[in-house]
Amino acid sequence: MEHLTKDFKVGKCEGQKVVDGETMPLVLQPPEPNSSNDVESLVLALKKNKDWFEQMLIKNSAVLLRGFNVQNAEEFNDIIETFGWDDIRYVGPAPRTHVHKRVWTANEGPLSEFIYYHHEMVLIKEYPKKLILFCETPPPEGGETPFVPSFRVTERMLKEFPETVEEMDANGLKYTFTALSKNSTGSMRGRGWEDTFGTSDRAEAEKRANALGMDVEWLPNGAIKTILGPRSLTKVFDGRKERRMWFNTVVGMHGKELSSALMADGTEIPANVVNRCEQIIEEESIQFKWEKGDVLFFDNLALLHGRRPSLPPRRVLVATCK
């Protein structure tokens with residue numbers, strides 16, 4: 001039984017699925033329709049049930065707090081800080097703006113673009129265990145944050161391409177990504193290297209990149225090309241039923257204008273493998289729709305997530321935790 005505390009009621013939402021006996025996302029609402037549903041009461045309930053809540057997050061991979069009237073970044077930050085989870089600085093190509101304390105905007109790239117499914121900071125040595133999203137302004141159309149149980153992708157890819165998957169996992173994959181010096185919100189991958197590494201000094205940027213497990217190459221136009229890998233294709237994390245998570249970004253980076261994903265020896269990944277993987281990820285996706293005030297917790301070790309194109313306005317804020 002999901003509900004083990006009187007401080008929350010288990011609800012439902014559009015797009016919810018049961019995967020291998022687990023409800024995704026698990027929806028938690030105020031215990032009574034006419035009960036106090038302010039953020040102060042929510043914070044008290046979360047403090048009281050911290051261990052239980054984290055167990056539910058690991059068990060279900062996604063937990064949605066709905067109906068608690070969360071209004072802004074300040075209240076969202078209060079919820080984040082309830083748990084005592086350490087903050088982790090975002091490193092990646094998405095253009096983002098700091099809003100309040102631990103709260104940032106989600107990817108500020110054009111809303112017309114689809115942000116492909118990924119584990120947050122999947123290629124960096126230290127990646128967040130938890131990703132927390134808050135919907136301040138739901139879009140009038142589209143703009144969902146779909147997510148995918150990562151182990152299901154591995155299971156299906158192993159059934160269809162067992163030898164190729166095991167080879168890629170054993171040898172690892174290499175990735176490249178190119179970033180200009182300055183930020184640009186004209187692209188969903190428009191974060192410049194100065195913002196990414198927190199410095200405009202090339203030597204210091206290179207030092208910080210190396211510390212994150214990247215090699216770098218400076219380009220004539222001032223851009224930086226980062227080289228990562230080899231990185232394994234799948235990972236198994238403690239407490240998650242020994243599942244092999246599809247912990248990579250093969251589809252998202254393969255054959256793109258500013259990025260690449262290659263076999264460890266530098267040869268191309270078979271196109272049919274990449275194309276079929278893209279189909280499987282979409283087939284396994286859970287199409288969650290936002291409502292104003294929603295707070296959504298992801299187990300970043302277990303889920304890939306993305307963003308559907310939408311009409312404006314849409315404002316979703318984010319925090320990443322160790």
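**Close-up 1. Strand 4 and strand 5 pair in the parallel sense.** In this predicted model, 3 bridges connect strand 4 with strand 5, the latter formed by residues 62–65. Within this pairing, Leu 28 has Leu 65 of strand 5 as its bridge partner.

**Close-up 2. Strand 1 runs antiparallel to strand 4.** Strand 1, which covers residues 9–11, is joined to strand 4 by 3 bridges, and Val 10 is the residue that stands opposite Leu 28 of strand 4.

**Close-up 3. The side chains of strand 4 are buried on either side of the strand.** Along residues 26–29, Leu 26 and Leu 28 point one way, whereas Val 27 and Gln 29 point the other way, and all of them are buried.

**Close-up 4. Helix 4 and helix 5 cross at roughly 120 degrees.** The axes of helix 4 (residues 150–160) and helix 5 (residues 162–171) come within 5 Å, and the crossing angle means that helix 4 is oblique to helix 5. Helix 4 contributes Met 157, Leu 158, Lys 159 and Glu 160 to the contact, while helix 5 contributes Pro 162, Val 165 and Glu 166; of these contact residues, 4 are nonpolar and 3 are charged, with no polar ones.

**Close-up 5. The span annotated in UniProt as "domain: TauD/TfdA-like" comprises residues 40–319.** The annotation comes from an unreviewed UniProt entry; in the model, the end C-alpha atoms of this span lie 19 Å apart, and the span is 29% helix and 25% strand.

Definitions and conventions:
Residues are numbered from 1 along each chain as its sequence is written. This is a predicted model: local features need pLDDT of at least 70, side-chain atom pairs count only at pLDDT 80 or more; totals for chains, interfaces and linings use all residues. Side-chain values use heavy atoms; hydrogens and water are left out. Buried means under 20% relative accessible area, exposed over 50%, partly exposed in between (1.4 Å probe, protein chains only). Helices (H or I, at least four residues) and strands (E, at least two) are DSSP runs, numbered from the N terminus. Two strands pair if DSSP finds at least two bridges between them. UniProt positions are given in the numbering used here, feature names are shortened, and annotations may be inferred rather than shown by experiment. Axes are lines fitted to C-alpha atoms, for helices over the stretch in contact, and angles run from 0 to 180 degrees between N-to-C directions. Angles under 35 degrees count as roughly parallel, over 145 as roughly antiparallel, 65 to 115 as roughly perpendicular and the rest as oblique. Contact means heavy atoms within 4.5 Å. Ala, Val, Leu, Ile, Met, Phe, Trp, Tyr, Cys and Pro count as nonpolar, Asp, Glu, Lys and Arg as charged, and the others, Gly among them, as polar.
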